Amino acid sequence: GKTISAGLILSELMKRKRVKKAFVICPKILIPQWLEELESKFGIKAHGATGTEIRHSSNRPESVIVTTYQSATNFLEGNQQGLFDMLILDEAHKVRNLHGTPNPPKQATAIFRALQNRLFKYVLMLTATPVQNRLWDIYSLVDCLAVARGHRNPFGTPDQFATRYIADGKNTARVLNSTTAPEFRQIVGTYMFRTRRIDAKLAFPERQVHTQPCHPSPAEDSIQSVVARHISDFS
């Protein structure tokens, strides 16, 4: 429901005349889904632009331009003000490595600098997995949202965050300090809103599981034997 949630917010801001043009960044495979759902469910015209086409995308008549993280990187580094009112990041955990690593990825730093330079009035970040590996993932996402607001990160500097909230050292950063955990969750709650399937209260049909026996043919048995011998040779 991430696309639907974003569409509801975007359409409301458009009706209030606060957003005229939005910029969506997502994995390439999701571009058709964004275009279809914005059109069919909200009546919002969108255009998918990648590669060199994105340079002139802000001049297109559609209200939303959808592109990939790779294509957006060089475009955002151009630091052009006033082209878009809103930024939507789908799979926003792709900017998680801004901190806790010696070499942040180029696409993450490009997005952070665009937010830091206030290229967008509104920013919406969507992810089903805000924590991929370490607590630095949350810190990086909050850092992006804080700088987009023009605020200081409420977790403090990276060193302050590591000292106060990380229990197993800043290089590992997988265990939250139990003493400051309530404070950590309260801060996260001011920046992130979590929607679970159970919260939607949708009535799904009851699942019925049936076992369907499948008997391999002689040829399939032969292939399975060959593969099994090959695997055993490396075990």
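In this predicted model, the second largest pocket is lined by 13 residues, and those nearest its centre are Lys121, Tyr122, Val123, Ala148 and Arg149. Helix 1, strand 5 and helix 5 each give two or more residues to that lining, which by class holds 10 nonpolar, no polar and three charged residues. The space inside the second largest pocket comes to about 280 Å³.

The largest pocket holds about 1200 Å³ of space, and its lining is made up of 31 residues, with Lys2, Thr127, Phe193, Arg194 and Thr195 lying nearest the centre. Two or more residues of this lining come from each of helix 1 (2-15), strand 5 (122-126), helix 5 (136-149), helix 7 (181-191) and helix 8 (197-200). Of the lining residues of the largest pocket, 20 are nonpolar, six polar and five charged.

Side chains of opposite charge can pair when their charged atoms come close. The model has eight salt bridges, and one of them joins Lys2 to Asp90, with 3.4 Å between the closest N and O atoms. This pair links distant parts of the chain, since Asp90 belongs to strand 4 (residues 86-90) and Lys2 to helix 1, 88 residues apart. Asp90 counts as buried because its relative accessible area, 2%, is under 20%, whereas Lys2, at 26%, is partly exposed.

Another salt bridge brings together Glu12 and Arg16, at 2.8 Å from N to O; here Glu12 is partly exposed at 36%, and Arg16 is partly exposed at 49%. Lys45 pairs with Glu39 in a salt bridge whose closest N and O atoms are 3.3 Å apart. Finally, salt bridges with shared partners connect Lys2, Asp90 and Glu91 in one network.

How values were computed: Residues numbered from 1 in each chain as written. Predicted model: local features only at pLDDT ≥ 70, side-chain atom pairs only at ≥ 80, totals over all residues. Heavy atoms only, no water. 1 Å grid on protein atoms, 1.4 Å probe; cavity = no way out; pocket = protein on both sides within 12 Å on 5 of 7 lines; lining within 4 Å. Points joined across faces, edges and corners; volume = space filled by probe spheres on them. Helix = DSSP H or I, 4+ residues; strand = E, 2+ residues; numbered from the N terminus. Nonpolar A, V, L, I, M, F, W, Y, C, P; charged D, E, K, R; others polar. Salt bridge = Lys/Arg side-chain N within 4 Å of Asp/Glu carboxyl O. Buried < 20%, exposed > 50% of the residue type's maximum accessible area, 1.4 Å probe, protein only.
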